[in-house]
Amino acid sequence: MTLSCFDPLTTDAVDLQLMLESNKITSVQIIEQCLQQIERHEAVLNALISVAPRETLLHIAAALDDERRAGHIRSPLHGIPIVLKDCFITASELGMTTTAGSVVFAGATASKNGVIVQKLIDAGLIIIAKGNMTEFAGMKTIKMMPGWSSYGGQTISPYTGAIKPNERLLGHSAPGGSSTGSAVAVAAGYSPLAMAGETIGSIVTPTVRTALFALKPTHGVQDAAGMYRMAEFFDTPGPMGKCAADVISLSEILLGRSLQSARDRNLKDLSIGFVDPNKWKMAEAMCEQFEGTEAQMIRVYEAAVARIEQNGGAVKYPIEIAELSALEVDGKDAIMPIAYSDFKNLGIPAFIEGFDDCPVSSLQDIVDFNLRNKSTAMPEPYPEQDQLIQALNTTEGGEDLARLKKKFRELGKSIINEVLDREKVHVIVTPGDSPLCIHAAVAGYPHVTVPLGVLDYNGRPFGLCVIGKEHEEELLLHFMAAYESISPPRAVPLRIETSRAI
């Protein structure tokens, strides 16, 4: 059998599992072909921080093949590769670094995996690589392009190619979001699945720009020990894949429960509220629009509204929701005070604690390291660490911060609950290119993302973000599966085959 057993750009984990079950392929052959895809395109796309050694991967895959032949199947994803965002600590014996995108952590070593990593391994998944990410999930400098890190460089979209000169942070050629490496890795065929992490938009933006399906579960329902989190108050790990079934299967492993009703593709029992895309869109300061781009996104969005209604969904369009200005506590922004404090007092200390040997022991050490090693730690075009210094100098904490968090969480929940109750809908749907994921982050509520269309302007995908109440992952995944069943196939990157010319 040749190694070209499947098309890595279109084949999903469900397809691979069926091939494994019918003895048409082995996990060793899957790994071989995924490694070929990485070798073919990674020099241009820069989606990965590190790749596990070939010998290690083939040894793990062969052992899982032996288990399968012996009748021992760990999970529906037994023997399937996965890419992890480089915020998940992996034991050094697996042969990959864990850096959160920073050269500071290049020499850190760990003897054990983080909780989520171990859960995936126990389920028979094969960790093939670590995805590049925005350094410290953006908590380095406010000017940094999403998908850039001092350790991994800049990740490039397989759909649009090189980022345009002077592009805005979330412009149409920007890959978008701190989980960019994970999303690009799946879209480019390095692996059918990836794990990412969401602060605010960190899963939403890169997945809608790579035509993927993804879930950000309810905040706090997973044990995130052994994972870098920029802000404990917001950060939530979640899965990405090429189809709803893959995300559902991976979600069952992560959440530790059956999500069988999520596989129901009937829209008739769902009531769905759509916001107005003319109001809920990305600010020009973040994403410059060009002739036809905004009009096309609205037109395709409204076509999806009509398609869902025609297929039995109870639709309310448009629905109103409080603007971003309502997300203030006592008239003041709460996002950054919470983020700075969590990063300094919780995120960085917990991340460092996950290693057995680490070059730094505090945020001060990180700032000092960057100053001593400017050429590698703060190279052009981002020779600053203003956000790290802001966090270092924060005095937020104690009971005052606890009260702020409590008020902020209650505010976020009340805004979303009021809309769901008033409109009598199960979920709120918004363009992926909108700031409504901030509402979900503040509330700690789950959301899913699904593909919608591709810009005529440059081939960049765009999608939808769908928000529900806490612990309603199964309902959101039900929407995802039903939506997929009535929608065109997700877009495959056309430019990847000529990416070396990009």
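**Pockets in a predicted model**

**Figure 1. The second largest pocket.** The second largest pocket of this predicted model has a volume of about 290 Å³. Its lining is made up of 22 residues. Those nearest the centre of this pocket are Pro451, Pro488, Pro489, Arg490 and Ala491.

**Figure 2. Elements around the second largest pocket.** Two or more lining residues come from each of strand 12 (447–454), strand 13 (461–467) and helix 15 (473–485). Strand 12 contributes the most, with 4 residues.

**Figure 3. Residue classes in the lining of the second largest pocket.** Nonpolar residues number 14 in this lining. The lining also has 5 charged and 3 polar residues.

**Figure 4. The largest pocket.** The volume of the largest pocket is about 1000 Å³. It is lined by 34 residues, and the closest to the pocket centre are Pro146, Leu169, Leu170, Ile200 and Met286.

**Figure 5. Helices around the largest pocket.** Helix 6 (204–208), helix 9 (335–353) and helix 14 (437–443) each provide at least two residues of the lining of the largest pocket. Helix 9 gives the most to this lining, with 3 residues.

**Figure 6. Residue classes in the lining of the largest pocket.** By class, 21 residues of this lining are nonpolar and 12 are polar. The lining of the largest pocket has 1 charged residue, while that of the second largest pocket has 5.

Methods: Residues are numbered from 1 along each chain as its sequence is written. This is a predicted model: local features need pLDDT of at least 70, side-chain atom pairs count only at pLDDT 80 or more; totals for chains, interfaces and linings use all residues. Side-chain values use heavy atoms; hydrogens and water are left out. On a 1 Å grid over the protein atoms alone, a cavity is a set of points where a 1.4 Å probe fits but cannot get out, and a pocket is an open set with protein on both sides within 12 Å along at least five of seven lines; lining residues have an atom within 4 Å of a point. Grid points are joined across faces, edges and corners, and a volume is the space filled by probe spheres set on the points. Ala, Val, Leu, Ile, Met, Phe, Trp, Tyr, Cys and Pro count as nonpolar, Asp, Glu, Lys and Arg as charged, and the others, Gly among them, as polar.
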